Amino acid sequence: MDAYPENPRTNVLSIITLVTSILGFAIVPIILGHISLGQIRRTQEQGRVMAIIGLVIGYLTLLGYLIATAVAVIIFVNHGMSGA
């Protein structure tokens, strides 16, 4: 009998999800986060919290990009209509 219990492996996609979300990607961590959560559910690996944090950051990043794009379009349209 081993003195130490075997540590379950950490899901690699959950690590990649967290890293890519911190780097500012939006779509990649969202897709990989959902895939990793499914894998974690099936395999009982570690990394669920990392996947969830990566998903939250990914969705917030996507929201920020969408807001920035909408603001840029509004500014462009308003500036273009002013004739300046």
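I52, V56, L60, L63, I67, V71 and I75 form a nonpolar patch on the surface of this predicted model. I75, one of the seven, lies in helix α3. I75 is exposed, because its relative accessible area of 55% is over the 50% mark.

Now step back to the whole chain. The secondary structure comes to three helices and zero strands. Read along the sequence, the pattern is α-α-α. Helix α1 covers residues 12–22. Helix α2 covers residues 27–43. Helix α3 covers residues 48–81.

How confident is the prediction? The mean pLDDT of the protein chain is 92. Of its residues, 90% reach 70 or more. Among the elements, helix α1 has the highest mean pLDDT, at 98. Helix α3 has the lowest, at 95.

Next comes the overall shape. The C-alpha atoms fill a box of roughly 80 × 20 × 15 Å, taken along the principal axes. The radius of gyration is 20 Å. A compact globule of 84 residues would have a value near 12 Å. One pair of residues gives a sense of the distances involved. G80 and L18 are 62 residues apart in sequence. In space, their C-alpha atoms are 40 Å apart. G80 lies in helix α3. With 55% relative accessibility, G80 counts as exposed, because exposed means over 50%.

What share of the 84 residues is buried? Buried residues make up 27% of them. The protein chain exposes about 6,200 Å². Carbon and sulfur atoms supply 71% of that area.

Contacts tell how the chain comes together. Take those between residues at least 6 apart in sequence. Of these contacts, 68% join residues at least 24 apart.

A26 sits in the loop between α1 and α2. Is A26 buried or exposed? A26 is buried, because its relative accessible area of 7% is under the 20% mark. Leaving out residues up to four places away in sequence, A26 touches G58, T61, L62 and Y65. A26 and I57 are 31 residues apart in sequence, yet 7.9 Å apart from C-alpha to C-alpha. G64 is 38 residues from A26 along the chain. The C-alpha atoms of G64 and A26 are separated by 9.6 Å. G64 belongs to helix α3. G64 is partly exposed, with a relative accessible area of 35%.

T61 is found in helix α3. At 17% relative accessibility, T61 counts as buried, because that value is under 20%. Beyond its neighbours within four places in sequence, T61 is in contact with S21, G24, F25 and A26.

Now move to helix α2, where S36 is found. S36 is buried, with a relative accessible area of 0%. Residues up to four places away in sequence are again set aside. S36 then touches N11, L13, S14, T17 and A51.

The next stop is a charged pair. How many salt bridges does the structure hold? The structure holds one. In this salt bridge the side chains of R9 and E45 meet, at 4.0 Å from N to O. The pair links distant parts of the chain, 36 residues apart. R9 is in the segment before α1. E45 is in the loop between α2 and α3. R9 is exposed, because its relative accessibility of 60% is over 50%.

The loop between α2 and α3 also holds Q44. Q44 has a positive phi of about 65°. Yet Q44 is not a glycine. Is Q44 buried or exposed? Q44 is exposed, because its relative accessible area of 59% is over the 50% mark.

Note on methods
Residues numbered from 1 in each chain as written. Heavy atoms only, no water. pLDDT = per-residue confidence, 0-100. Helix = DSSP H or I, 4+ residues; strand = E, 2+ residues; numbered from the N terminus. Buried < 20%, exposed > 50% of the residue type's maximum accessible area, 1.4 Å probe, protein only. Patch = residues over 30% accessible without salt bridge, like charges linked within 9 Å, V, L, I, M, F, W, Y side chains within 5 Å. Areas by Shrake-Rupley, 256 points an atom, 1.4 Å probe, with all protein chains shown as cover. Contact = heavy atoms within 4.5 Å. Rg over C-alpha atoms; globule rule 2.2 N^0.38 Å.
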